[in-house]
Amino acid sequence: MKYIVGNWKSNHNLATGVEFLTQLHELEASQPRLKDIEQEIVICPPFPLLGQLNEENNRLGLDLKFGVQNLSSYPAGAYTGEVCTQNLADLGVQYVILGHSERRRYLEETSVQIGAKVTQALIAGLKPILCVDEPYLQEQADTLDSSQFEQIIIAFEPLSAIGTGQSLSSESVAPVIEKIKKTYSAQTPVLYGGSVTGETVSSYLDICDGVLVGGASLTATSFRQLYM
Ligand code: PGA
């Protein structure tokens with residue numbers, strides 16, 4: 001299975017999000033997905049767009065899966081401003097990006113908090129896409145129970161490559177993928193993220209289980225170029 005995961009970050013609103021799906025539907029009509037390749041196409045929009053995009057996806061028969069970009073480390077309750085798994089019921093959410101470097105950097109999220117979020121996601125049956133870079137690869141693993149290793153997806157996201165246009169070559173990514181599989185589990189799917197485009201995507205799909213994409217996931221045209 002190959003995962004193509006689009007991280008919209010704090011981009012798009014309801015109108016532009018729906019327009020994205022409409023355009024993607026048109027692009028898939030003229031260039032249908034290859035049926036003999038097992039691929040999961042996931043979009044992670046901002047929380048407020050989820051309900052309507054999920055309905056639109058079903059109406060158009062697009063077969064996109066949805067994820068969110070963060071989650072409360074607490075269950076439902078008195079945690080003002082937090083979004084927990086229970087709040088996401090019936091919105092078609094299957095994945096959750098956790099521990100993105102932007103959250104570690106700007107919101108000072110710690111590996112321990114992120115570990116707690118992984119647990120909340122797994123309890124609710126959401127699949128965590130846990131973002132790591134080499135400096136905290138082991139520190140993040142230490143916050144988890146080893147029984148969780150095979151239940152998650154890891155995204156290797158080198159800081160120097162995120163949003164910079166300076167993607168790492170697949171030759172430099174390959175040994176890190178191996179290291180991550182050794183630290184977590186050989187069964188854990190590992191994605192690469194950092195300035196992936198339609199031109200570079202296939203080199204990563206050759207060496208790992210998929211890609212996590214920011215900038216190139218924002219228009220239907222550039223997103224459609226990421227999968228077969
Ligand atoms: P980018 O973002 O593709 O724009 O580099 C990747 C990410 O932040 O996951």
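## What counts as a pocket

A pocket here is an open set of grid points with protein on both sides within 12 Å along at least five of seven lines. Keep in mind that this is a predicted model.

## The second largest pocket

With that in hand, take the second largest pocket: its volume comes to about 230 Å³. It is lined by 13 residues, and E28, R33, K35, L62 and D63 sit closest to its centre.

Helix α1, spanning residues 14-30, supplies the largest share of this lining, with 3 residues. Sorted by class, the lining of the second largest pocket splits into 6 nonpolar, 3 polar and 4 charged residues.

## The largest pocket

Now for the largest pocket, which holds about 280 Å³ of space. There are 14 residues around it, and the ones closest to the centre are K9, S10, Q69, N70 and R103.

Helix α3 (residues 101-106) gives the most to this lining, again by way of 3 residues.

Why is M228 called partly exposed rather than exposed? Its relative accessible area is 47%, and the exposed label needs over 50%, while buried means under 20%, so M228 lands in between.

Note on methods
Residues are numbered from 1 along each chain as its sequence is written. This is a predicted model: local features need pLDDT of at least 70, side-chain atom pairs count only at pLDDT 80 or more; totals for chains, interfaces and linings use all residues. Side-chain values use heavy atoms; hydrogens and water are left out. On a 1 Å grid over the protein atoms alone, a cavity is a set of points where a 1.4 Å probe fits but cannot get out, and a pocket is an open set with protein on both sides within 12 Å along at least five of seven lines; lining residues have an atom within 4 Å of a point. Grid points are joined across faces, edges and corners, and a volume is the space filled by probe spheres set on the points. Helices (H or I, at least four residues) and strands (E, at least two) are DSSP runs, numbered from the N terminus. Ala, Val, Leu, Ile, Met, Phe, Trp, Tyr, Cys and Pro count as nonpolar, Asp, Glu, Lys and Arg as charged, and the others, Gly among them, as polar. Buried means under 20% relative accessible area, exposed over 50%, partly exposed in between (1.4 Å probe, protein chains only).
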